[in-house]
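Hello,

Here is the structure I promised to pass on to you. Please open it next to this message, and then read on for what turned up in it.

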Amino acid sequence: MKTKSSHLETLAIHAGQVPDPTTGAITVPIYLTSTYVQDGPGEHKGFEYSRTQNPTRQALEGNIAALEGGRYGLAFASGCAATTTIFHMLRSGDHVVAGDDLYGGTYRIFERVMKQMGIEVTYVDPINAGAFAEAIRPTTKLVWTETPTNPLLKICDIAAVAEICKKRNVWLAVDNTFLTPMLQRPLDLGATMVVHSTTKYLNGHADVVGGVVVTSDEEVHERLRFLQNAIGAVPGAMDSFLVLRGTKTLAVRMERHVQNAQLVAPWLEAHPAVEKVIYPGLKSHPQAALAAKQMRGPGGMISFVIKSAKRPALERAREMLRATQLFACAESLGGVESLIEHPAIMTHASIPPANRAKLGISDGLIRISVGIEHIDDILADLQQAFERADA
Ligand SMILES: *Cc1c(COP(=O)(O)O)cnc(C)c1O
C-alpha cells in the first residue's frame with residue numbers, strides 16, 4: 001500500500017496488500033502452494049513452507065494488524081486455535097484470570113483442555129475492574145476478557161483493567177470479536193493482545209472459520225509466531241483470501257449492523273412479549289456511559305429475555321426460534337444475514353446449568369445477530385415470530 005492514511009475505511013481496503021509483483025494483479029492472489037522453490041539451499045525470498053509463511057496469509061495478517069493499530073498480526077485456523085495458541089505461552093502452574101461471561105468454546109478450552117495441562121483459571125465479573133486486581137496472584141500470567149461479553153453484553157473497562165495488568169506485569173488479552181476494530185481498539189486502551197474469531201464480523205459472509213491475534217509487544221509476538229508455526233493451527237490460503245476480501249467492506253457493514261441494531265433494540269424494549277433487552281446502545285444498559293466512552297458504536301448484537309405467558313419462557317423462546325423466516329436459527333454471528341439463537345440450548349450448552357443460572361443465561365434468553373437486510377423486513381420477521389410463538 002502506498003497510501004499513508006490512518007483512516008480505518010482506507011486501511012481496511014489497502015493495508016497489508018500490494019499489487020502482485022509478477023502481474024500487477026490488484027487483488028492478492030490465493031497462493032495455493034505448500035512449498036517455495038529456493039535458488040540454492042537456504043536461498044529463498046522469505047517463504048519456505050506454507051505452515052511457516054504464506055503470502056495470502058501474510059497480507060491478511062498485515063491488514064488486521066493495521067486495523068487494530070498493532071505492529072504484528074498472526075492468523076489461525078479458527079478463533080479457538082488462536083486462543084489455544086496464546087495459552088501455549090503458559091506452562092503448568094501458571095494462573096489466568098478471566099471474565100466470567102465467555103464464548104462457550106473459550107470456556108471449554110479453559111476448563112477441559114488447559115486445566116488438565118496444569119493451568120488454573122479464576123473467573124471474575126468483568127464489569128468490576130477491581131475484581132481482576134483481587135484475583136491476580138504471583139503466578140498469574142494472563143488476564144482474559146471479552147467486551148461486550150457473550151451473551152450478556154456486559155462491558156469490561158479495558159483501560160482500567162490494562163492499568164492493573166501493567167502494574168502487576170500480567171498480559172491482557174481482549175477478545176474483540178463482537179465489535180471489530182471499527183468500533184473498539186483494545187490495544188489503544190492498553191491491552192497486550194487482541195483476539196478475534198474472524199469467522200464472525202471480520203469475514204462477515206458466513207463462509208469461513210478463522211482467527212487472528214494482534215499485538216504490538218515484540219516479545220509476545222515472537223513467542224506467538226514461534227507457536228503458530230510449531231503448533232501449526234494455520235488457515236489455508238483460500239480462507240485467508242476470503243477474510244481479506246471480507247475486511248474490505250468491514251467499515252460499511254459495521255455501520256449498517258449498528259444502524260439496524262439501534263432500531264431493533266428499542267423496538268424490542270417496547271414489545272409486550274419482552275421482559276428485558278440487553279444492548280449497550282440503550283439507556284437502560286447499566287454500563288451505557290462506559291460503552292459510549294470506550295466504543296465507537298454499540299455493535300450489532302442484542303440479547304433479550306422473552307416473558308413467560310401462556311407458555312413458559314423456554315417453550316415460548318423455542319417456538320419463536322422455530323417461527324422466524326428471515327432470521328436463521330443458527331449459532332455464530334456477525335454475517336450479513338440476521339441470526340437468532342438460544343444460548344442455554346445452543347452456544348452456551350457446554351456451561352453447566354448451575355453456572356448458567358448464576359450468570360443470568362436464563363431459559364428465556366435469546367440472542368440475535370442483527371444483519372444488514374432492510375430494517376422493515378427485520379422488524380416484520382420478529383413481529384410475526386412473536387405472534388406465532390403464542391399461537
Ligand atoms: C466464535 C467466537 C470464538 C471462537 O471462534 P471460532 O472461530 O468459532 O473458533 C471466540 N470468541 C468469540 C467472542 C466468538 O464469538
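Helix 3 (79–87), helix 4 (104–114) and strand 6 (193–197) each contribute at least two residues to the lining of the largest pocket. Helices (H or I, at least four residues) and strands (E, at least two) are DSSP runs, numbered from the N terminus. Helix 4 gives the most, with 4 residues. In total 29 residues line this pocket, and Cys80, Tyr103, Gly105, Ser197 and Lys200 lie nearest its centre. By class, the lining holds 9 nonpolar, 14 polar and 6 charged residues; here Ala, Val, Leu, Ile, Met, Phe, Trp, Tyr, Cys and Pro count as nonpolar, Asp, Glu, Lys and Arg as charged, and the others, Gly among them, as polar. The space in the largest pocket is about 440 Å³.

Before going further, please note that this is a predicted model: local features need pLDDT of at least 70, side-chain atom pairs count only at pLDDT 80 or more, and totals for chains, interfaces and linings use all residues. Residues are numbered from 1 along each chain as its sequence is written, and side-chain values use heavy atoms, with hydrogens and water left out.

A word on how spaces are defined. On a 1 Å grid over the protein atoms alone, a cavity is a set of points where a 1.4 Å probe fits but cannot get out, while a pocket is an open set with protein on both sides within 12 Å along at least five of seven lines; lining residues have an atom within 4 Å of a point. Grid points are joined across faces, edges and corners, and a volume is the space filled by probe spheres set on the points.

How many cavities of 30 Å³ or more does a search of the whole structure find? The search finds 1, and the volume of the largest cavity is about 40 Å³. Its lining includes Leu60, Phe76, Thr198, Pro235 and Asp239. Strand 1 (72–76) and helix 9 (237–247) each supply at least two of the lining residues, and helix 9 has the largest share, 3 residues. The lining divides into 7 nonpolar, 4 polar and 1 charged.

Next, the backbone. Two cis peptide bonds are worth a look: one joins Thr147 and Pro148, with omega about -5°, and another joins Asn150 and Pro151, with omega about 10°. Pro148 sits in the loop between strand 4 (140–146) and helix 6 (158–168), and Pro151 lies in the loop between strand 4 and helix 6 as well.

Ala206 is not a glycine, yet has a positive phi of about 55°. Ala206 is in the loop between strand 6 and strand 7 (211–215) and counts as exposed because its relative accessibility is 57%; exposed means over 50% relative accessible area, buried under 20%, and partly exposed in between (1.4 Å probe, protein chains only). Ser332, also not a glycine, has a positive phi of about 80°. Ser332 is in the loop between strand 10 (328–329) and strand 11 (339–341), and is partly exposed, with a relative accessible area of 26%.

Finally, Lys358 is in helix 13 (residues 353–359) and is exposed, at 73% relative accessibility. From C-alpha to C-alpha, Lys358 and Asn63 are 40 Å apart in space, and 295 residues apart in sequence.

Best wishes
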